[in-house]
Every structure is written in C-alpha cells, then in structure tokens.
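Please look over the sequence and the model shown here before reading the notes. The points that follow are grouped by topic.

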Amino acid sequence: MSAGSVTIVLPAFNEEARLESALDELFGYLRRRGEQARDGAPGAGHLPEIVRVLVVDDGSTDRTTQIVRARPETGNPDGDGHGTLALLSVPHGGKGAAVRSGMLAADSDLIVFADADMATPPDQIPLLVEALVDHDVALGSRIQPDGSDMRGSQPLYRRLLGRAFHAFASIWVVGDVKDTQCGFKGFSREAAHRLFAAQRITSIVFDVELIYLARRNGLRIAVVPVRWYDRRGSRMRASPALATRVGWDLLRIPLLHRGSAKAAKA
C-alpha cells in the first residue's frame with residue numbers, strides 16, 4: 001500500500017540565521033510538485049499527497065519560534081499539495097531529544113527527520129520515501145555508489161573524528177553501516193514510534209542507538225545514498241568533554257538494551 005502522508009521533522013536550536021532560508025528552499029520545492037527537480041533529482045510529485053513539516057524548537061533563546069509562527073505555511077490546510085507547517089516547542093535537551101519528541105508526535109504514514117539547515121536538500125526526500133515502500137527504516141548516506149564521500153568537504157578535524165567514531169561504532173554497535181551520522185533518515189510510522197519510544201540516548205550518538213535498535217528488532221533497513229552539502233554554522237565543537245560523552249554513550253548503548261531482543265520476540 002502506498003503512503004498517503006509524510007511528516008518532515010526539523011529539530012532546531014537557535015537557528016534564526018539559517019532556518020528562514022531553509023524553509024524557503026523546502027516549501028519552494030514542495031510547491032512545485034513536479035516530477036523532476038534540479039540535476040535530474042526527483043520532484044515533489046513523487047511525495048505522498050499530504051506533506052507536513054514539523055519544526056521542533058529545542059528551547060531556543062533567539063527568534064527561531066517567531067520565524068516559524070510568521071511563515072505563511074503555518075496552519076495551511078492539508079491536501080493542497082503545498083505542505084503545512086507546525087511548531088512543537090520542548091525544553092532544551094539536545095538534538096536527540098528534540099528529534100524524539102517530533103517523531104513521536106507525528107502520525108503520518110511515513111516520518112522523516114532532516115537537519116534544519118537543509119544540508120541534505122529537499123529533492124532527496126523522495127529517495128527515502130521510495131525506499132520505505134518495502135523497508136521499515138531508510139538511512140541517508142553521504143557515501144555514494146561509486147565510493148566517493150560527500151563528507152570530504154568538512155574540515156579535516158571533523159573528518160578525522162568521524163573516522164575514529166565510525167571505527168568504534170561499527171565494531172561495538174552498528175556493524176556495516178558506514179555513515180551513521182547523516183542527519184537524514186526515514187521511517188514507517190510503526191517503526192518510528194517503536195524505535196523512538198525505546199530511545200534512551202539524547203546526545204549526538206542517538207542515530208547509532210536507533211540503528212542498533214532497528215537491527216536488534218529485525219526491522220528492514222535500507223541505506224540510501226543522498227546528496228549533502230556542508231553548511232557551516234554548526235555549534236558542535238570538538239572538546240575532551242564531548243569526546244568523553246560520545247565514547248560513554250557508544251559504550252553503553254548495548255548495555256541499555258540488553259532485554260530489547262527478548263522483549264521484541266515475546
């Protein structure tokens with residue numbers, strides 16, 4: 001059965017500098033509803049008829065919420081093909097907590113989360129939707145079919161940290177998923193509510209926990225190569241404290257869910 005609705009969840013914390021232009025890009029794409037977008041990418045005509053956008057404000061102290069409320073798409077009735085926009089405000093708890101709140105609040109057939117700066121452009125959303133026809137989870141990957149890696153545009157220190165992170169994560173938690181941290185993933189409603197209800201990690205490692213839970217629960221996982229652009233302005237800064245938190249969270253993911261497989265089979 002084809003999906004009739006999709007919600008796009010955008011976590012945002014103090015994104016006033018980037019959110020307006022990102023929403024312009026997203027809704028401009030949704031309004032065109034064509035079969036083809038730029039450079040041969042699929043157009044919004046490949047999306048379900050009902051498209052909802054949910055911005056989850058993670059306790060911002062700038063104008064993030066005002067920007068969303070002032071948008072013409074806020075409160076737009078469903079069914080006109082242009083998409084609707086809603087705002088969910090939650091106490092500041094980090095990206096993982098904000099994404100979890102949005103995914104559990106959404107009730108569409110399919111639910112996608114993406115970075116609020118549109119680092120993965122909107123014309124990649126149909127690729128996740130297509131993968132979810134016969135999969136429960138679709139993981140956007142910046143590694144392309146020819147082996148090239150779009151993360152090459154990142155600063156050198158972030159690439160080196162990423163390699164170290166992946167080496168540990170692949171051995172201990174996720175197996176052969178080469179790009180766990182792409183902030184662009186899609187789920188069926190059932191898979192989203194099941195996985196995010198069980199999510200315990202709220203740091204930047206939350207993606208790894210979701211993949212681990214999906215594998216442990218026997219869900220069908222698709223890896224989808226997507227376009228991605230390094231949008232500067234990230235507030236993540238490498239530090240000993242961050243490295244310690246990431247290492248600790250990776251280490252404890254399997255320990256937190258020792259009973260998940262037994263519960264899934266019960």
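The crossing of helix 3 and helix 6 is left-handed; a crossing counts as left-handed if the near helix is turned anticlockwise from the far one by less than a right angle, and as right-handed if clockwise. Helices (H or I, at least four residues) and strands (E, at least two) are DSSP runs, numbered from the N terminus. This is a predicted model, in which local features need pLDDT of at least 70 and side-chain atom pairs count only at pLDDT 80 or more, while totals for chains, interfaces and linings use all residues. Residues are numbered from 1 along each chain as its sequence is written, and side-chain values use heavy atoms, with hydrogens and water left out.

- The contact between helix 3 and helix 6 is made by Val 99, Arg 100, Met 103 and Leu 104 of helix 3 and by Ala 192, His 193, Phe 196 and Ala 197 of helix 6, where contact means heavy atoms within 4.5 Å.
- The axes of helix 3 (residues 95-105) and helix 6 come within 9 Å and cross at roughly 145°.
- Axes are lines fitted to C-alpha atoms, for helices over the stretch in contact, and angles run from 0 to 180 degrees between N-to-C directions.
- Helix 6 also packs with helix 7, at an angle of about 120° and with the axes 10 Å apart.
- Helix 6 passes helix 7 in a right-handed crossing.
- On the helix 6 side, the contact with helix 7 is made by Leu 195, Phe 196 and Ala 198; on the helix 7 side, by Glu 209, Leu 210, Leu 213 and Ala 214.
- An α-helix has 3.6 residues a turn, so residues three or four places apart point the same way.

**Helix 7 and what follows**

- Helix 7 (residues 206-216) is mostly covered, with nine of its eleven residues buried.
- Buried means under 20% relative accessible area, exposed means over 50%, and partly exposed lies in between (1.4 Å probe, protein chains only).
- The buried residues of helix 7 are Phe 206, Asp 207, Val 208, Glu 209, Leu 210, Ile 211, Tyr 212, Leu 213 and Ala 214.
- Tyr 212 has a relative accessible area of 8%, so Tyr 212 is buried.
- Tyr 212 and His 257 are 45 residues apart in sequence, and their C-alpha atoms are 9.2 Å apart in space.
- Just after helix 7, Gly 218 takes a positive phi of about 70°.

**Aromatic rings**

- How many aromatic pairs does a search of the whole structure find? The search finds four.
- Rings of Phe, Tyr and Trp (its six-membered ring) pair if their centres lie within 6.5 Å; planes under 30 degrees apart count as stacked, over 60 as edge-to-face and the rest as tilted.
- Phe 113 and Phe 187 form a stacked pair, 6.3 Å centre to centre with 20° between the planes.
- Phe 113 lies in strand 4 (residues 110-114) and Phe 187 in strand 6 (residues 184-188), so this pair ties together parts that are 74 residues apart in sequence.
- Phe 113 is buried at 0% relative accessibility, and Phe 187 is buried at 1% relative accessible area.
- The rings of Phe 113 and Phe 196 have their centres 6.4 Å apart and their planes at 90°, so this pair is edge-to-face.
- Because Phe 113 is in strand 4 and Phe 196 in helix 6 (residues 189-198), the pair ties together parts that are 83 residues apart in sequence.
- Phe 196 is buried, with a relative accessible area of 0%.
- Ring pairs link Phe 113, Phe 187, Phe 196 and Phe 206 into a cluster.
- The charged end of Arg 142 sits over the ring of Trp 228, 4.9 Å from its centre; this requires NZ of Lys or CZ of Arg within 6 Å of the ring centre and within 35 degrees of the ring normal.

- Most residues other than glycine have a negative phi.
- Asn 14 is not a glycine but has a positive phi of about 50°.
- Asn 14 is in the loop between strand 1 (5-12) and helix 1 (19-32), and is partly exposed at 21% relative accessibility.
- Met 118, also not a glycine, has a positive phi of about 60°.
- Met 118 is in the loop between strand 4 and helix 4 (125-131), and is buried at 1% relative accessibility.

**The chain as a whole**

- The protein chain has nine helices and seven strands.
- Buried residues make up 49% of its 266 residues.
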